[in-house]
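Here is a friendly walk through one protein model. Keep the picture in view as you read, and look up each residue when its name comes up.

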Amino acid sequence: MSQTKILFVCLGNICRSPAAEGYFNYLIKQENIKDKFIVDSAGTSAYHEGSPADGRMMSAAGERGYKLESISRGFNSKSDFSSFDLIITMDDDNHADVISVSPSDEAEKKIHQMVDFCTKHDVSEVPDPYYRGVDGFELTLDIVEDACEGLLEKLLNGELNA
Ligand code: 4NP
């Protein structure tokens, strides 16, 4: 069975991309389609390499019923472009950084902006909650959840080349 391999990317890989990985995993578990996907996340910086998700993000996600289990790692421009079908970035900086290390035009086609999958929020980026209060984490999760739902729908409808 062929699996779709998805990598979510933010800056530190402790807030936004772990939330995206955790919520996408939660959705596919609920739908009983976990076997169809491989889901991972990474940061364009490796500052937090080896750390679990930020405690504030873990508790906000926990309140909503899902766990964040990722351990931070840096984006690997060699292996990640070959290992994943879709590389989904959280903001314009992550997007530009990943594009700048893309090895080919073919690889570059794998890169998408997370907010392009939103159906309820009209925003240009997933906001970085790291230096914000509780409300910042809630808004980030609202946008991440909207985008994950839109992404899954597109994948299940065969609307994405992945
Ligand atoms: P993330 O958030 O990119 O969503 O994981 C951040 C985490 C850490 C830092 C910035 C953003 N930092 O500056 O350490």
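Let's begin inside. Phenylalanine 8 has a relative accessible area of 0%, which makes it buried (buried means under 20% relative accessible area, exposed over 50%, and partly exposed in between, using a 1.4 Å probe and protein chains only). You will find phenylalanine 8 in strand β1; helices (H or I, at least four residues) and strands (E, at least two) are DSSP runs, numbered from the N terminus. Histidine 112 is 104 residues away from phenylalanine 8 in sequence, yet their C-alpha atoms are 9.6 Å apart in space.

A word on the model: it is predicted, so local features need pLDDT of at least 70 and side-chain atom pairs count only at pLDDT 80 or more, while totals for chains, interfaces and linings use all residues. Residues are numbered from 1 along each chain as its sequence is written, and side-chain values use heavy atoms, with hydrogens and water left out.

## The nonpolar cores

In soluble globular proteins, nonpolar side chains tend to be buried together. A nonpolar core here is a set of buried Ala, Val, Leu, Ile, Met, Phe, Trp, Tyr and Cys residues joined through side-chain atoms within 4.5 Å. The largest one has 38 residues, and those touching the most other members are Ile6, Phe8, Phe24, Phe37, Met114, Cys148 and Leu151. At least two core residues come from each of β1 (4-10), α1 (16-30), β2, α2, β3 (86-89) and α6. Helix α6 gives the largest share, 9 residues.

Which residues does phenylalanine 37 touch, leaving aside those up to four places away in sequence? They are Gln3, Thr4, Ile6, Phe24, Ile28, Leu152 and Leu155, where contact means heavy atoms within 4.5 Å. Another core, of 10 residues, lies apart from the largest one, and its members include Leu7, Val9, Ile87 and Ile111.

## Charged pairs

Side chains of opposite charge can pair when their charged atoms come close. How many salt bridges does the structure hold? There are 10, each being a side-chain nitrogen of Lys or Arg within 4 Å of a carboxyl oxygen of Asp or Glu. One of them joins aspartate 40 to arginine 73, with the closest N and O atoms 3.1 Å apart. Aspartate 40 sits in strand β2 (residues 37-43) and arginine 73 in the loop between α2 (55-63) and α3 (79-83), so this pair ties together parts 33 residues apart in sequence. Aspartate 40 is partly exposed, at 23% relative accessible area.

Now look at arginine 64, which meets glutamate 138 in a salt bridge of 2.7 Å, N to O. Arginine 64 lies in the loop between α2 and α3 and glutamate 138 in helix α6 (residues 134-156), so the pair ties together parts 74 residues apart in sequence. Both are partly exposed, arginine 64 at 25% and glutamate 138 at 28%. Arginine 64 also forms a salt bridge with glutamate 145, the closest N and O atoms being 3.1 Å apart. Glutamate 145 counts as buried, at 14% relative accessibility. Salt bridges with shared partners join Arg64, Glu138, Asp142 and Glu145 into one network.

## Around the ligand

Finally, find the ligand. The residues surrounding it include Cys10, Asn13, Arg16, His48 and Tyr130, each with a heavy atom within 4 Å of it.

A backbone N or O atom lies 3.0 Å from a ligand oxygen in isoleucine 14 and 2.9 Å in cysteine 15. In aspartate 128, a side-chain N or O atom is 3.3 Å from an oxygen of the ligand.

Methods. Polar contact = N/O pair within 3.5 Å; in protein donor to acceptor, adjacent residues only side chain to side chain.
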